[in-house]
Amino acid sequence: FGDDLIGQTEIDLEQRLYSPAWKARGAGSLSEGRAPLRPVERRRLTLPGHAQYRGSISLWCDILTLPEARAFPAPDISLPPPWPFVLRVVVWRARKCRLMDP
């Protein structure tokens with residue numbers, strides 16, 4: 001599969017930087033040692049020339065000054081550890097299925 005493009009989205013950072021409404025988001029969540037929390041947003045991933053979207057991405061966007069970026073550590077966005085599980089499936093009836101196992 002490689003590095004195939006799934007989709008893309010565009011965020012106007014300059015519009016957000018100067019938007020009083022965007023700056024007000026998360027202002028009530030100020031805490032010591034942490035940047036204000038911005039709401040998580042879900043954006044559609046699209047491909048140029050295609051009408052349907054190809055998926056979505058959940059993200060939040062922080063715009064910090066250099067002193068703010070130095071003051072607040074970057075959040076840990078690593079994947080959680082995998083959960084061990086067992087999946088059991090019972091097929092009671094199948095019709096017109098060709099067996100693929102040799």
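1. Largest pocket. In this predicted model, the largest pocket holds about 230 Å³ of space. Its lining counts 13 residues, and those closest to the pocket centre are Arg34, Ala35, Trp60, Asp62 and Pro75. By class, nine lining residues are nonpolar, one is polar and three are charged.

2. Second largest pocket. Here the volume is about 160 Å³. Eleven residues form the lining, with Pro36, Arg38, Ile63, Leu64 and Glu68 closest to the centre. The class breakdown is seven nonpolar, one polar and three charged.

3. Salt bridges, overall. How many salt bridges does a search of the whole structure find? The search returns two. Arg16, Glu41 and Arg43 are linked in a network of such bridges. The next two points take the pairs in turn.

4. Arg16 with Glu41. The side chains of Arg16 and Glu41 meet in a salt bridge, at 2.8 Å from N to O. This pair ties together distant parts of the chain. Arg16 sits in helix H1, residues 13-17, while Glu41 belongs to strand S1, residues 41-45. The two partners are 25 residues apart. Buried or exposed? Arg16 and Glu41 are both buried.

5. Arg43 with Glu41. Glu41 also pairs with Arg43 in a salt bridge. The closest N and O atoms of Arg43 and Glu41 are 3.3 Å apart. Arg43 is buried, as is Glu41. Glu41 therefore counts as having under 20% relative accessible area.

6. Arg93. This residue lies in the segment after H3. Arg93 has a relative accessible area of 66%, so Arg93 is classed as exposed; the cut-off for that class is over 50%. How far is Arg93 from Trp83 in sequence and in space? They are ten residues apart in sequence and 31 Å apart in space, C-alpha to C-alpha.

7. Lys96. Lys96 is also found in the segment after helix H3, which spans 66-71. Its relative accessible area is 88%, so Lys96 is exposed. The backbone deserves a look too. Phi of Lys96 is near 55°. That is a positive value in a residue other than glycine.

8. Points to check on screen. For the segment after H3, look at Arg93 and Lys96.

Technical notes. Residues numbered from 1 in each chain as written. Predicted model: local features only at pLDDT ≥ 70, side-chain atom pairs only at ≥ 80, totals over all residues. Heavy atoms only, no water. Helix = DSSP H or I, 4+ residues; strand = E, 2+ residues; numbered from the N terminus. Buried < 20%, exposed > 50% of the residue type's maximum accessible area, 1.4 Å probe, protein only. 1 Å grid on protein atoms, 1.4 Å probe; cavity = no way out; pocket = protein on both sides within 12 Å on 5 of 7 lines; lining within 4 Å. Points joined across faces, edges and corners; volume = space filled by probe spheres on them. Nonpolar A, V, L, I, M, F, W, Y, C, P; charged D, E, K, R; others polar. Salt bridge = Lys/Arg side-chain N within 4 Å of Asp/Glu carboxyl O.
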